[in-house]
Amino acid sequence: FSLSDVATAAAMRAASLDAFPGATIVGTSTLTASFLSGVDVVWLNSVANNLDATTPLSAAEQLALQNFVSAGGGAILFGEHDSFNDTSLLSPFGLATGSSVDNITSGTITNLVHPVTAGPFGNVTVINSNFAGNLTTLGGATSLGTWNSSGLSALAVLSSGTGRVVAFTDANMYADRLGAADNQKVLLNSLAFAKPAGGLQF
């Protein structure tokens with residue numbers, strides 16, 4: 001579910017480029033310090049398609065990601081339910097997911113004043129998902145909302161060094177078939193929150 005080219009993310013891709021004039025979206029198959037030096041925010045997903053997980057980050061990629069955020073970069077991470085191994089994506093920031101939220105469900109925003117839920121692209125009170133996971137370990141992160149069916153965290157934010165991380169628990173958050181306006185608002189707010197001052201390339 002790459003934001004840079006997958007067809008099911010076309011609406012989110014267009015909305016992101018429209019919301020941040022001059023922004024560009026680039027993709028990579030490997031996270032390196034060299035690649036990350038050319039972007040402001042990294043958008044990482046644990047799902048390759050509806051059946052397969054992405055290749056777990058190597059130790060070197062995890063370190064590159066940690067260093068990028070610590071130095072002021074932003075990261076938007078999409079974990080999943082326990083059929084997909086997202087440990088390498090989330091564990092560098094003390095996060096973990098577990099179990100699954102059944103089918104299409106909604107979540108309730110519990111922090112209504114954070115820039116991710118009340119940001120420049122609008123206020124959000126609900127989000128929607130399809131077979132999401134639950135954030136079962138938050139580490140130093142702050143939960144912003146919970147899934148209605150489980151009561152567990154659906155999204156969280158944290159700071160690491162001078163950078164910021166926003167973590168979600170469903171790759172379908174930005175799939176066109178969900179298409180919820182609130183999902184798009186919270187994702188655009190997340191980009192605005194995570195990006196350093198100035199332009200945006202991700």
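These are my notebook entries on what I looked up in this structure, which is a predicted model.

**Entry 1: the whole chain**

I began with the secondary structure, and I found that the protein chain has five helices and eleven strands. I then asked how much of the chain is hidden, and I noted that buried residues make up 50% of its 202 residues. For the surface, I wrote down that the protein chain exposes about 8200 Å², and that carbon and sulfur atoms supply 53% of this area. Turning to contacts with a separation of 6 or more, I saw that residues 24 or more positions apart account for 70% of them in the protein chain.

**Entry 2: helix 1**

Which residues of helix 1 are buried? In this helix, which runs over residues 10–19, I listed Met12, Arg13, Ala15 and Ser16 as buried. Looking down the axis of helix 1, I found that its buried residues fall within an arc of 165°, so they line one face of the helix. I also checked what lies over them, and the cover for the buried residues of helix 1 includes strand 1 (41–45) and helix 5 (181–194).

**Entry 3: the nonpolar cores**

I next looked up the largest nonpolar core, which has 28 residues; Ile127, Leu155, Phe168, Val186 and Leu187 are those with the most contacts inside it. The elements that give two or more residues to this core are strand 1, strand 2 (74–78), strand 9 (142–147), strand 10 (153–160), strand 11 (163–168) and helix 5. Helix 5 gives the most to this core, with six residues. I also noted a second, separate core of 23 residues, which includes Leu36, Ala75, Phe93 and Ala167. As a general point for my own study, nonpolar side chains tend to be buried together in soluble globular proteins.

I then took up Leu155 by itself and left aside its neighbours within four places in sequence. Among the residues that Leu155 contacts are Ile109, Val116, Ile127 and Leu135, and also Phe168 and Val186.

**Entry 4: Gly94**

Where is the place of Gly94? I located Gly94 in the loop between helix 4 (87–90) and strand 3 (96–98). Finally, I compared Gly94 with Leu158: the two are 64 residues apart in sequence, and 9.8 Å apart in space from C-alpha to C-alpha.

Conventions: Residues are numbered from 1 along each chain as its sequence is written. This is a predicted model: local features need pLDDT of at least 70, side-chain atom pairs count only at pLDDT 80 or more; totals for chains, interfaces and linings use all residues. Side-chain values use heavy atoms; hydrogens and water are left out. Helices (H or I, at least four residues) and strands (E, at least two) are DSSP runs, numbered from the N terminus. Buried means under 20% relative accessible area, exposed over 50%, partly exposed in between (1.4 Å probe, protein chains only). Contact means heavy atoms within 4.5 Å. Accessible areas come from the Shrake-Rupley method with a 1.4 Å probe; for residues, only the protein chains shown count as cover. The arc is that of the directions from the helix axis to the C-beta atoms. A nonpolar core is a set of buried Ala, Val, Leu, Ile, Met, Phe, Trp, Tyr and Cys residues joined through side-chain atoms within 4.5 Å.
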